[in-house]
Amino acid sequence: MQRKTLELYVILLALLARLTVFFLAAGGFFLVGEGQVQANIAENILSGRGFMLSESMFHDPDPRRDSSLEFFRETGGLYGVLIPEQPSTFFVPGYPLFQAFIFMVTSPGNLLAVIGVQLALGLLTVFLGMRLAFRFLSGRWYIAAGIFMALDPFELYYQAIPATQALFSLLFIAGLLLSLRFLEKPDLPRGVWAGLLWGVAFLVRPVALPMIVWLAVSALIAWKFSKKIIPALLLMVVVFGAILMPWVVRNRNTMGRYQLLPLQGGAQMWEFNGRIFTDLFLNDTEGAKLLYEPVRNTWLSRLNNAELAEFPEFTTESEFERDSVLYHRQSKFIKSNPGVFLHLSACRFVEFIKPFPLNRFSPVHTLVGLVSFFWVGIFFFGGALLMLRRGWSGVFVAGVIAGYILMHLLTASGTPHRVALDIPLVIASLIAVKHSSERFRAGKISS
């Protein structure tokens with residue numbers, strides 16, 4: 001059967017999977033969770049109130065709300081930092097603007113419409129993922145990669161809830177494709193597109209920022225620092241900066257200071273470091289205790305500056321002041337306990353690549369995770385090393401995989417953070433599986 005026919009079957013499979021998921025979502029199968037927070041901001045943008053959270057988010061009894069947010073309501077700021085009824089910089093604006101556009105076309109708060117658009121964009125993600133896979137795989141290995149992308153349960157789940165992952169996955173894979181084309185021919189049009197895509201991706205999830213830096217470094221080395229590529233590189237950086245500039249200027253006008261990164265670094269550091277050593281951890285989920293309780297038991301009695309692990313008692317502090325206090329307290333806590341940080345980083349690696357939830361779910365969840373992703377966690381590292389043989393395209397993608405994982409080991413981890421990397425991970429893993437299969441067959445034939 002010809003490749004294009006098989007590709008069509010893969011896209012049809014992806015469509016069928018997403019139609020099924022959409023009807024499940026319409027029936028209330030998936031919890032909305034924290035997605036309603038950014039949806040509330042989107043509604044405020046649409047109503048002209050601006051980029052802020054409503055006070056009602058602290059009192060809304062909607063049972064779909066994630067119960068983990070309850071503690072942060074008690075601090076007077078959602079997530080401990082995001083203060084209602086005040087201009088916010090806690091999130092980057094890309095996803096709320098995406099939701100606001102859909103609400104404008106349909107109706108305010110129409111989360112099912114958001115999910116429908118995300119699932120439709122998921123088809124495009126599969127198509128672009130196959131274009132990326134075709135650069136490294138062929139034959140049945142290429143089709144196997146496409147089938148995984150079409151049915152990846154993690155991508156499907158995050159396309160079925162209002163969360164940043166679905167939109168970011170599309171932008172991330174498109175950015176990778178444009179980056180590879182730019183490496184092959186760094187001309188002005190490709191520089192514009194690369195800067196545009198990575199800029200928009202940053203406004204959805206800031207993890208895109210190091211990717212454009214890695215692209216610029218890779219292009220310079222690949223082209224042996226030739227002066228011919230400098231105009232394209234400069235244009236790429238200028239376009240990237242132009243995409244971000246309105247957000248930075250808005251923050252200067254409303255918050256009183258130029259701010260590019262979202263004000264959630266301090267809260268995130270506490271969530272993934274200090275919180276484990278507070279009494280709040282005692283009421284945490286079963287999965288979190290399974291993974292992190294050994295760390296707590298090992299280190300709790302011998303912590304240095306243990307008081308820094310506690311969440312501060314904020315009163316009237318601004319969003320910026322809260323983030324700054326949390327950031328400096330957690331930085332000092334980590335510096336005082338380097339062994340703790342290394343131990344937690346190892347746990348974050350497990351949390352990043354785990355193929356199934358650690359909380360108690362139906363055995364079906366575990367089975368789906370084992371079948372779909374367990375083998376990826378075994379083979380992706382070897383595949384990334386094999387990618388290095390594929391010239392600068394392989395070096396760039398392997399560098400993206402390594403850098404993306406490292407960033408999350410140092411900061412925050414888990415399936416929501418990993419899902420955008422699933423497509424590059426499965427491509428790398430299939431490269432390793434293909435290599436192992438060929439070596440095994442060659443050895444069997446020679447014997």
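User: What relative accessibility does Glu184 have?
Analyst: Glu184 has 41% relative accessibility, so it counts as partly exposed. The classes are buried under 20% relative accessible area, exposed over 50%, and partly exposed in between (1.4 Å probe, protein chains only).

User: Before we go on, what kind of model is this?
Analyst: It is a predicted model: local features need pLDDT of at least 70, side-chain atom pairs count only at pLDDT 80 or more, and totals for chains, interfaces and linings use all residues. Residues are numbered from 1 along each chain as its sequence is written, and side-chain values use heavy atoms, with hydrogens and water left out.

User: Back to Glu184. Which residue forms a salt bridge with it?
Analyst: Arg135, with the closest N and O atoms 2.4 Å apart. That pair links distant parts of the chain: Glu184 is in helix α8 (residues 164–184), and Arg135 is in the loop between α5 (111–133) and α6 (139–151), 49 residues apart. A salt bridge here is a side-chain nitrogen of Lys or Arg within 4 Å of a carboxyl oxygen of Asp or Glu. Helices are DSSP runs (H or I, at least four residues), numbered from the N terminus.

User: And what is the relative accessible area of Arg135?
Analyst: 30%, so Arg135 is partly exposed.

User: How many salt bridges does the structure hold?
Analyst: Nine. One of them joins Glu85 and Arg49, with the closest N and O atoms 2.2 Å apart. Those two link distant parts of the chain: Glu85 is in the loop between α3 (70–74) and α4 (94–105), Arg49 in the loop between α2 (35–47) and α3, 36 residues apart. Glu85 has 36% relative accessibility and counts as partly exposed. Arg49 is partly exposed, with a relative accessible area of 36%.

User: Asp422 and Arg418 also meet in a salt bridge. Is Asp422 buried or exposed?
Analyst: Asp422 is buried, at 0% relative accessible area. Arg418 is buried, at 0% too. Their N to O distance is 2.7 Å.

User: Which residues are linked in a network of salt bridges?
Analyst: Arg3, Glu7 and Arg131.

User: Switching to helices. What kink lies in α13?
Analyst: A kink of about 50°, at Tyr292, shortly before the proline Pro294. The bend is the angle between axes fitted to the seven residues ending there and the seven starting there. The expected span is 1.5 Å times one less than the number of residues.

User: Which residues of α13 are buried?
Analyst: Gly287, Ala288, Leu291, Tyr292, Val295, Arg296 and Trp299. The buried residues of α13 pack against α15 (338–353), where contact means heavy atoms within 4.5 Å.

User: And α9, how far apart are its end C-alpha atoms?
Analyst: 25 Å, which agrees with the 24 Å that its 17 residues (188–204) should span. Its buried residues include Gly191, Trp198 and Phe202. What covers the buried residues of α9 includes α4, α8, α10 (209–222) and α11 (230–255).

User: Last one. Where is Pro312?
Analyst: In the loop between α13 and α14 (319–336). Pro312 is buried, with a relative accessible area of 14%. Not counting residues up to four places away in sequence, Pro312 touches Val325, Leu326 and Arg329. Its C-alpha atom and that of Gln86, 226 residues apart along the chain, are separated by 21 Å.
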